[in-house]
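Hi,

Here is the structure for you to look over. My notes follow below it.

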Amino acid sequence: MDEEAKRFWLAQNVPAACIFAIPGLKENFWAMGDTGPCGPCSEIHYDMGPEASEQGHTDCKFPCDCGRYVEIWNLVFMQFNRDASGTLTPLPKPCVDTGMGLERVAAVLQGVISNYDTDLFLPLLQRAAFLCQKDFDIEQRIEQVRKAPHHFG
């Protein structure tokens, strides 16, 4: 884990129990590709609750990939430029590249699990259903039945 990033989060009063190293990630480093601006990063995840688990987990912990924990924001501390040989050169003007998923933040703030249930998408989906001469509510119920686990006895 990047101890410097951990110290920064702790200085912001983020509880230590909420700071994680991501398993399998050698270092918290972001790059768009093999070359170009890059640097250390922090990702902010939100616990959408047990009902968001696509695997029915009720007591899993981050970083379980069941769908319960959603990345909503990241901070990339652009400090370097990586050239074709892999050499990192300090940028003349380092910066923070921050990115968030607007639709994911909207889902969190609106208390819904699916991005498509937010006020960003629902009006579009309802209008599309109207233009296709479909009953939106019926189509939603059909989709819920399709996604529900089937038990055959």
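Asp 47 counts as partly exposed, with a relative accessibility of 34%. Buried here means under 20% relative accessible area, exposed over 50%, and partly exposed in between (1.4 Å probe, protein chains only). Arg 68 counts as buried, at 10% relative accessibility. Asp 47 and Arg 68 form a salt bridge, and their closest N and O atoms are 2.7 Å apart. Asp 47 sits in strand E2 and Arg 68 in the loop between E2 and E3, so the pair ties together parts that are 21 residues apart in sequence.

A word on the source. This is a predicted model: local features need pLDDT of at least 70, side-chain atom pairs count only at pLDDT 80 or more, and totals for chains, interfaces and linings use all residues. Residues are numbered from 1 along each chain as its sequence is written, and side-chain values use heavy atoms, with hydrogens and water left out.

Back to the salt bridges. The structure holds 2 of them. The cut-off is a side-chain nitrogen of Lys or Arg within 4 Å of a carboxyl oxygen of Asp or Glu. Glu 103 and Arg 104 form one, with the closest N and O atoms 3.4 Å apart. Glu 103 counts as partly exposed at 25% relative accessibility. Arg 104 also counts as partly exposed, at 26%.

Now the strands. Helices (H or I, at least four residues) and strands (E, at least two) are DSSP runs, numbered from the N terminus. Two strands pair if DSSP finds at least two bridges between them. E2 (residues 36-47) runs antiparallel to E3 (residues 69-82), and 10 bridges join them. His 45 has Glu 71 in E3 as its bridge partner. E3 is also joined to E4 (residues 88-100), by 9 bridges, and these two run antiparallel. Phe 80 stands opposite Pro 90 in E4. E3 and E4 form a hairpin with 5 residues between them. Gly 86, in the turn, has a positive phi of about 95 degrees.

Last, the surface. Trp 73, Met 100, Leu 102 and Leu 120 form a nonpolar patch with about 350 Å² of accessible area together. Patches take residues with over 30% relative accessible area and no salt bridge; like charges are joined within 9 Å, nonpolar side chains (Val, Leu, Ile, Met, Phe, Trp, Tyr) within 5 Å. Areas come from the Shrake-Rupley method with a 1.4 Å probe; for residues, only the protein chains shown count as cover. Leu 120 lies in the loop between helix H2 (102-110) and helix H3 (122-131). Leu 120 counts as partly exposed, at 33% relative accessibility.

Best wishes
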